[in-house]
Amino acid sequence: MKTRALFFSSLLLFAPTFVYGACSVANLTRCLDSVCAINIGANPAARCQYCGSSSAGTPEKSTAMKSVSAGTSTKYIISDKELKKAPTDPGQRYMWGTEQCLKKVAGCTTDDVSDNYDSLIEQSCTAAGISADFENLTKKMNQTKTQTECSRDIEACVIATNRCNADYKNCESDSDFDRYFAECSIASTGCDSFLAEIRGNLTSSRSTVFANADKILQKIVAVYQNARSQRLASAQNSCKNNKAVLDCVSRVCKNNMPNQCKVKSENEESIAKDLCKFYEIACERLK
């Protein structure tokens with residue numbers, strides 16, 4: 001709108017001299033609407049399309065002014081014949097309409113146009129934006145995907161690291177799984193007819209992952225149990241015929257006694273037996 005204001009200021013150089021008087025905003029609006037609001041009753045974005053921005057879309061070709069001219073004096077209306085001279089570019093058309101309407105509505109200036117009509121164009125552009133967003137949303141909602149595409153997208157969404165994760169460690173509870181699946185289903189439009197089957201496949205996959213995890217844990221536990229059993233059996237065998245104690249005494253004598261328990265008077269063997277006493281205690285407990 002600031003660009004238009006600067007452009008309007010240049011129009012003052014060429015605008016005719018008016019007799020000072022009150023500007024009729026209502027008549028000025030009627031006049032500008034005859035240029036910018038064609039078929040606005042059926043198209044709320046008309047003002048934006050005709051006199052606002054080309055990005056708002058192409059206005060309808062019809063020039064029927066049912067909602068604007070009905071019951072209104074043609075004194076302040078730009079005729080169909082005159083409209084044929086109007087530029088098609090929205091910005092240029094607005095300036096052209098301003099120039100024409102200032103000639104028709106006495107006492108008004110470009111400031112009156114900017115102060116009163118710019119806001120109407122902005123409202124129309126807002127409506128145009130909402131309409132465009134709604135149209136894009138509708139297209140997106142109506143967009144259909146194949147079952148393979150839907151399965152791929154939803155599964156990737158569910159097992160993302162910020163959701164269930166590939167090992168489903170974040171979805172051990174059904175409530176977490178249900179919540180993430182719902183989020184991913186909503187995000188994947190066009191998949192409604194496949195959701196039941198996709199959910200069933202993901203539920204089965206989750207159960208399989210958990211079952212395999214239990215099997216792996218059971219294998220680990222079995223390995224440790226088997227190792228403990230083997231150590232126990234080995235310890236029990238070493239206790240037979242007092243073998244563990246005798247072996248201990250033999251090692252102590254060989255490695256720790258000066259005479260290796262060969263001199264009876266030194267009591268080295270007695271000391272070695274005392275040092276290996278814990279084997280006797282252990283074997284008593286293993287019986």
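How close do the axes of helix 11 and helix 13 come, and at what angle do they cross? The views below answer this and cover further sites.

This is a predicted model, in which local features need pLDDT of at least 70, side-chain atom pairs count only at pLDDT 80 or more, and totals for chains, interfaces and linings use all residues. Residues are numbered from 1 along each chain as its sequence is written, and side-chain values use heavy atoms, with hydrogens and water left out.

**View 1. Helix 11 against helix 13.** The axes of helix 11 (residues 243-256) and helix 13 (residues 277-286) come within 9 Å and cross at roughly 165°. Axes are lines fitted to C-alpha atoms, for helices over the stretch in contact, and angles run from 0 to 180 degrees between N-to-C directions. Helices are DSSP runs (H or I, at least four residues), numbered from the N terminus. Helix 11 passes helix 13 in a right-handed crossing (the near helix is turned clockwise from the far one by less than a right angle). A244, V245, C248 and R251 of helix 11 touch Y279, E280 and C283 of helix 13 (contact: heavy atoms within 4.5 Å). By class, this contact has five nonpolar, no polar and two charged residues (Ala, Val, Leu, Ile, Met, Phe, Trp, Tyr, Cys and Pro are nonpolar; Asp, Glu, Lys and Arg are charged; the others, Gly among them, are polar).

**View 2. Helix 11 against helix 12.** Here the axes of helix 11 and helix 12 (residues 268-275) come within 9 Å and cross at roughly 125°. That makes helix 11 oblique to helix 12. Their crossing is right-handed. V249, V252 and C253 in helix 11 meet E269, A272, K273 and L275 in helix 12. The contact divides into five nonpolar, no polar and two charged residues.

**View 3. Positive phi at Y168.** Phi of Y168, a residue other than glycine, is near 60°. Y168 lies in the loop between helix 8 (147-158) and helix 9 (174-187). Y168 is buried, at 1% relative accessible area (buried: under 20%; exposed: over 50%; partly exposed: in between; 1.4 Å probe, protein chains only).

**View 4. Positive phi at N242.** N242 is not a glycine, yet its phi is about 60°. N242 sits in the loop between helix 10 (195-239) and helix 11. At 38% relative accessibility, N242 is partly exposed.

Definitions and conventions
Helix = DSSP H or I, 4+ residues; strand = E, 2+ residues; numbered from the N terminus. Parallel < 35°, antiparallel > 145°, perpendicular 65-115°, else oblique.
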